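Welcome, and thanks for taking a look at this fold with us. Please open the model and keep it in view while you read the briefing below.

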Amino acid sequence: MNILAIDTSTMISTVTVSDGIEIIGDFNVNQQKTHSESLVPMIETLLNLLGMKVGDIDKFVIGKGPGSFTGLRIGMTIAKTLAQATGKDLIAISTLLALANNSSSARLKVPMIDARGNRVYAAAYDENFNEVIKEDLYTIDDFASRVNDLGRDVELIGTLNEKYEDKFDKAISLPLNFNNSIGRSLVKIAIEEDFPKKELYEIVPNYLRASQAERELAKNDKKNGNKGRR
C-alpha cells in the first residue's frame, strides 16, 4: 500500500511517501515561502523522482495540527483535493502526536509547536502515546508548570527545545534530526493504527484557536456591542 503524508503545521513543508513497509521518499523544506507556493511542486517532484503518479497512492495522510492557521488550511485543502481526485481515503492525525512518535523511549514525550507570544501548542504523552497532558494552546509558563508537577523525566520534541528547555525541571531535548521529522511519523501512525473511514467533509484542521481575522472580528463585534448599550 502506497501512502503519501503531508504536513504544513509549521514553517516546514513535509511530503513523505511510503510503500507500506519503508519510507521511500521524504522532502522537508524549512522556508520563507508560503506552503501554497511550495507544497504542490514538492509533491510532484517527489513522485516524479520515485517514478510514481498521484494515482499510484492508495492512502493520503495529513497532519491536522495544531499549528499555523494558514499552513493547516493550505495542507488540508491540497490533501482533500488529492483524495477526492483519486477517490482514495484521507486520514488526519495530530501533528503533536506525530512529533511524539519521533521518540521510542520510556520518558514522557513533550512535543511543542510555536504559537507565538510565549505560547505553545503542546501536549505530553506516555511511553504508549496516551495523553498525559491534553493537546491544547498554553502559555509556556503554564505548560512547563503542568509538566514539572508530574515529576517525570521528559523529552522535549520540536524546534522550541533550545528556547524553552530551562523552564522544565527534568528535561532533555531530542537531537535536531528528530525535531522536524513529522511526515515519517505520520506514516508510522497511519500504518500501525486502525482509523475509521471518514468522509472528506468530516475531516477538518485542529486550529485550537480562531484565526487572526476571526479574533479581530470578534473584538470589533464586542466593541460595537458595548457601544450600542451605552
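Helix 7, residues 182-192, lies across strand 1, strand 2, strand 3, strand 4 and strand 5. Its direction runs at about 130° to strand 1. Do keep in mind that this is a predicted model. The notes below start with the sheet, then turn to another helix and end at a loop residue.

- Five strands make up an open sheet with mixed pairing, and their order is 3-2-1-4-5.
- Strand 3 (23-30) and strand 5 (89-93) are the edge strands, each pairing on one side only.
- From one strand to the next, the twist averages 15°.

**Strand 4 and strand 5**
- Strand 4 covers residues 59-63 and runs parallel to strand 5, with five bridges joining the two.

**Thr-10 in its loop**
- Thr-10 sits in the loop that links strand 1 (3-7) and strand 2 (12-18).
- A polar atom of the Thr-10 side chain lies 3.1 Å from the backbone nitrogen of Ile-12.
- Leaving aside residues up to four places away in sequence, Thr-10 touches His-35 and Ile-113.

Technical notes
Residues numbered from 1 in each chain as written. Predicted model: local features only at pLDDT ≥ 70, side-chain atom pairs only at ≥ 80, totals over all residues. Heavy atoms only, no water. Helix = DSSP H or I, 4+ residues; strand = E, 2+ residues; numbered from the N terminus. Polar contact = N/O pair within 3.5 Å; in protein donor to acceptor, adjacent residues only side chain to side chain. Contact = heavy atoms within 4.5 Å. Pairing = 2+ DSSP bridges. Axes fitted to C-alpha atoms, helices over the stretch in contact; angles between N-to-C directions.
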